[in-house]
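Trainee: Could you take me through this structure step by step? I would like to begin with the sheets and then turn to the side chains.

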Amino acid sequence: NVFVYLKKGLSAPAEATLERHYTMPTALLTQTNCLFEPYVSGLTTSQNLRIRNDDPVLHNVHAMPQNNAEFNFAQPVQGQSNTKRFTNRELFVRLKCDVHPWMFAYIGVLDHPYFAVTDSGGNFTITNVPPGDYTLEARHLKAGSIEQTIKVVGSSAQRVDFSMEVPE
């Protein structure tokens, strides 16, 4: 559940071009077994988020952003789906279910597609990064963040290692 993204290094013209021309598929956030899945995810500011209730019980989705419009709606029917979009960059937007107080999800919203969320083994892949010098940030909800400077040359894969400790 570590959100990894390019924090610095994209030129302003590159970001503007990406925003206008790069289309990301609709992302999916489900409510399954009274949990949000995935717990941590990422979106671009031009990407739709479909939120679906897979449970046979009432849920609601309450987004509590700082830089985006707040929303709060009920999903009383199993299979119900609503689509939302965040228009401004923000790490992290917190979503909760007011009916089930243990249900949370967090979304990193960026103005570019160069991000990933680590898998259970801590692995991640960010694809199609243009050549250049970047600051890569890994951010965890409890462990904080760590930055690393990277240089991307050509299209070859680059291994990046970092270590974070989650406080108890």
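**Sheets and aromatic rings**

Mentor: This is a predicted model. In it, strands E11, E1, E12 and E13 form, in that order, an open sheet of four strands with antiparallel pairing.

Trainee: Which strands stand at the edges of that sheet?

Mentor: E11 and E13 do. Each has a single partner strand, so one side of each is left without a neighbour in the sheet.

Trainee: How far are neighbouring strands turned against each other?

Mentor: On average by 25°, with direction ignored.

Trainee: Over how many bridges do E1 and E11 pair?

Mentor: They pair over three bridges, in the antiparallel sense. Within this pairing, Phe3 stands opposite Val117 in E11.

Trainee: Are Phe3 and Phe92 buried or exposed?

Mentor: Both Phe3 and Phe92 are buried.

Trainee: What about Phe124 and Phe162, how are those rings arranged?

Mentor: Phe124 and Phe162 form a tilted pair, at 5.9 Å centre to centre and with 35° between the planes. This pair also links distant parts of the chain: Phe124 is in the loop between E11 and E12, while Phe162 is in the segment after strand E13 (144-152), 38 residues apart.

Trainee: Which residues form the aromatic cluster?

Mentor: Phe3, Tyr5, Tyr39, Phe92, Tyr106 and Phe115 form one cluster. On a separate point, Lys84 lies over the face of Phe71, at 5.2 Å from the ring centre.

Trainee: Now to Thr118. Where does it lie?

Mentor: Thr118 is in the loop that runs between strand E11 (115-117) and strand E12 (132-140).

Trainee: Is Thr118 buried or exposed?

Mentor: Thr118 is buried, because its relative accessible area is 9%, and buried means under 20%.

Trainee: Which residues does it touch?

Mentor: Leaving out residues up to four places away in sequence, Thr118 touches Asn1, Val2, Val4, Asn123 and Phe124.

Trainee: One last topic: what is the order of the open sheet with mixed pairing?

Mentor: The order of its four strands is E3-E2-E5-E8. Strand E3 (35-37) and strand E8 (81-84) stand at the edges with a single partner strand each, so one side of each has no neighbour in the sheet. From one strand to the next, the twist averages 20°.

Trainee: In which sense do E2 and E5 pair?

Mentor: Strand E2 (residues 27-32) and strand E5 (residues 49-53) pair in the parallel sense, over five bridges. As an example, Ala27 has Leu49 in E5 as its bridge partner.

Note on methods: Residues are numbered from 1 along each chain as its sequence is written. This is a predicted model: local features need pLDDT of at least 70, side-chain atom pairs count only at pLDDT 80 or more; totals for chains, interfaces and linings use all residues. Side-chain values use heavy atoms; hydrogens and water are left out. Helices (H or I, at least four residues) and strands (E, at least two) are DSSP runs, numbered from the N terminus. Buried means under 20% relative accessible area, exposed over 50%, partly exposed in between (1.4 Å probe, protein chains only). Contact means heavy atoms within 4.5 Å. Rings of Phe, Tyr and Trp (its six-membered ring) pair if their centres lie within 6.5 Å; planes under 30 degrees apart count as stacked, over 60 as edge-to-face and the rest as tilted. A charge sits over a ring if NZ of Lys or CZ of Arg is within 6 Å of the ring centre and within 35 degrees of the ring normal. Two strands pair if DSSP finds at least two bridges between them. Axes are lines fitted to C-alpha atoms, for helices over the stretch in contact, and angles run from 0 to 180 degrees between N-to-C directions.
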